[in-house]
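Welcome, and thanks for taking a look at this one with me. Below are a few numbered points to read alongside the structure.

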Amino acid sequence: MKIMVNQVGYELAAPSKKAVADQPGIYVLKSASGEKVWQGQAGAAVEDPLCGEKLYPLDFGAVRTAGKYYMEGPDGAQSDSFVIQKDVLADVHNAMIKALYFQRCGCALEEKYAGPYIHAACHMADSEVYGETGHILDARGGWHDAGDYGRYITPAAVTIGHLLYAYQLYPRAFAEQLNIPESGNGVADVLNECRYELEWMLKMQRKDGAVYHKLTAWQHAPFVMPEKDLDTFYAFAVSSLAAADFCAVMALAARVYRSIDSVFATQMEEAARLSWKWLTENPEPLLFHNPEGSNTGEYGDAADADERLWAAAEMMLLAAEQGEAADAYVEVLRRILATGLKVTDFGWTDVAGFAAMAVLTDSGKTAGEEIRKTFRQAVLAEADRLVGLQPQNAFALGMAPEDFCWGSNMVVTNRGILLALACETAAETEAAGRIPAYREAIQAQIDYLLGKNITGYSFVTGFGDHAYRYPHLRTTAADGIEKPMPGWVSGGPNRKPGDELGIRMIPAGTPPMKCYLDREECYSLNEITIYWNSSAVFVTAFLRSIAQ
Ligand code: 9MR
Ligand code: ZN
């Protein structure tokens with residue numbers, strides 16, 4: 001039988017602590033030494049559409065004693081072990097941020113920070129602007145995006161967005177040092193790490209304010225260490241998607257870094273203004289398509305209205321910070337909102353949720369009540385929709401079967417972000433009474449990520465008795481080290497596998513949550529990306545902030 005638990009563990013004071021099992025009956029919580037601590041009856045059966053099984057939820061929230069435990073089923077089967085303790089997510093949260101350090105490009109990873117995961121400086125050559133013979137660009141730096149060595153602006157912006165908003169809202173969750181080269185300089189390490197990426201992003205802006213969509217080789221490198229990848233890197237075409245995301249993130253970062261390094265903040269502010277100018281002079285969408293024959297990531301997108309919305313929201317806040325009139329930006333917000341676009345997502349295709357985040361968490365209420373109300377209603381309606389999905393499956397997940405796409409783990413965590421924003425937004429409204437339900441729903445999303453799911457894997461490397469082991473990640477594939485570096489979030493189950501092995505091994509009709517393989521080859525099921533991590537970091541930051 002199966003007993004699925006959050007393998008990292010449960011917050012000591014949490015009023016409910018949930019597991020799921022595949023048989024009815026009496027379950028016993030035992031301490032690591034086998035002592036009985038709690039027992040309870042499994043809840044009513046749920047026919048689960050996400051995994052296609054009949055499952056039984058368990059809640060041992062009554063247990064309020066810190067320790068290491070496992071759950072024992074009616075037939076003697078045991079769950080993976082887990083702890084119950086205060087601030088239980090601290091280590092996994094910090095590891096998921098530290099993981100970004102391992103993606104640093106254009107420098108060597110040194111043993112004192114990287115432990116065994118060292119490598120020599122990589123991708124040190126100049127790049128070429130694609131299609132412009134002789135146009136050389138120094139675009140060293142930044143983080144490798146994912147399992148590949150490409151660096152792309154729109155996912156970079158989303159990653160920085162997740163992290164900087166989380167830092168602004170929950171600064172206490174970012175107090176620990178992470179043993180990166182800048183640690184101890186008096187600046188929160190999450191900001192030190194983000195700066196590494198921001199410095200690279202600045203290099204991707206063209207003199208006229210447009211921004212190159214991505215910097216990659218023509219084809220993905222084979223599984224070699226990054227310093228062995230000597231292919232030419234190209235800055236491909238500029239796009240309005242990249243320019244708008246860049247503008248939003250530079251404006252946001254200018255505010256966040258103002259008190260830390262005013263020179264750097266001013267540089268980012270000027271970059272944001274220049275891109276905004278380019279955007280206003282180029283109002284038509286300039287989308288991005290890979291040139292024929294190139295197979296590196298496309299991050300294509302059919303519309304740029306959400307990116308422009310986010311840029312307008314952040315330019316508005318920058319203007320307010322500088323004591324300038326913000327009307328022009330507010331007007332853009334109003335115009336784009338009038339099209340009725342969705343404003344509740346935080347992924348690279350759809351960034352409009354970040355505009356909602358910027359507007360709704362602005363203590364100055366710069367956007368005015370009408371616009372704030374539009375965002376507020378959308379956020380609360382989406383939060384209520386997600387809470388409404390929970391009883392439809394056994395994991396209390398805010399997920400429907402069709403949500404298990406490529407990178408579904410970010411759908412899981414981005415919904416945690418939306419629910420967290422709903423918590424911020426609901427206070428002082430008639431929805432305030434629903435905050436406990438939103439919090440419960442956020443916890444369920446993280447429980448799933450950390451092992452309470454049908455695969456039995458914790459989807460974060462190094463965390464849990466059964467953490468997945470074989471991410472699609474070039475450094476891990478090539479470094480000869482047995483274990484992957486800790487703290488990487490897997491893309492997770494994908495009901496339409498897109499890689500050869502996944503397609504071959506997962507029969508059509510497999511329930512969505514079971515469409516997963518812990519195999520290095522499976523880039524559509526088991527890759528890592530910077531933005532899957534950052535999304536999870538936002539959610540663990542929220543949960544740490546409410547833990548007593
Ligand atoms: O994360 C992206 C996912 O949402 C898309 O469905 C998929 C196919 O277009 O691409 C993913 O992004 C990949 C990117 O193109 C290149 N670097 C690795 C990314 C993760 O698989
Ligand atoms: Zn590199």
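Into which domains is the chain divided?

1. Please keep in mind that this is a predicted model. The chain splits into domain 1, residues 1-86, and domain 2, which is made of residues 90-454 together with 526-547. Between the C-alpha centres of domain 1 and domain 2 the distance is 35 Å.

2. Let us turn to where the domains meet. The contact draws on 22 residues of domain 1 and 19 residues of domain 2. Together, domain 1 and domain 2 bury about 1600 Å², and carbon and sulfur atoms account for 66% of that area.

3. What polar links cross this interface? Between domain 1 and domain 2 there are 6 residue pairs in polar contact, with both residues at pLDDT 80 or more. The rule also finds 1 salt bridge across the interface of domain 1 and domain 2. To look at a salt bridge yourself, go to K18 and E440, which form one with their closest N and O atoms 3.4 Å apart.

4. Which strands supply at least two residues each to the side of domain 1 that touches domain 2? They are β2 (9-11), β3 (18-21), β6 (46-48) and β7 (53-59). Sorted by class, this side of domain 1 has 13 nonpolar, 6 charged and 3 polar residues.

5. E53 forms a salt bridge with K2, and the closest N and O atoms of the pair are 3.4 Å apart. This pair links distant parts of the chain: E53 lies in strand β7, while K2 sits in the segment before β1 (3-4), 51 residues apart. The count of salt bridges comes to 29 by this rule.

6. Which side chains place a polar atom by a nitrogen atom of ligand 1? For D145, an N or O atom of the side chain is 3.1 Å from a nitrogen atom of ligand 1. For D148, a polar side-chain atom lies 2.9 Å from a nitrogen atom of ligand 1. W406 has a side-chain N or O atom 3.2 Å from an oxygen atom of ligand 1.

Notes: Residues are numbered from 1 along each chain as its sequence is written. Chains are lettered from A and ligands numbered from 1 in the order in which they are written. This is a predicted model: local features need pLDDT of at least 70, side-chain atom pairs count only at pLDDT 80 or more; totals for chains, interfaces and linings use all residues. Side-chain values use heavy atoms; hydrogens and water are left out. Domain bounds come from an automatic or database domain assignment. Contact means heavy atoms within 4.5 Å. Buried area is the accessible area (1.4 Å probe) that two parts lose on being put together, summed over both. A salt bridge is a side-chain nitrogen of Lys or Arg within 4 Å of a carboxyl oxygen of Asp or Glu. A polar contact is a pair of N or O atoms within 3.5 Å; within protein, one must be able to donate a hydrogen and the other to accept it, and residues adjacent in sequence count only if both atoms are side-chain atoms. Helices (H or I, at least four residues) and strands (E, at least two) are DSSP runs, numbered from the N terminus. Ala, Val, Leu, Ile, Met, Phe, Trp, Tyr, Cys and Pro count as nonpolar, Asp, Glu, Lys and Arg as charged, and the others, Gly among them, as polar.
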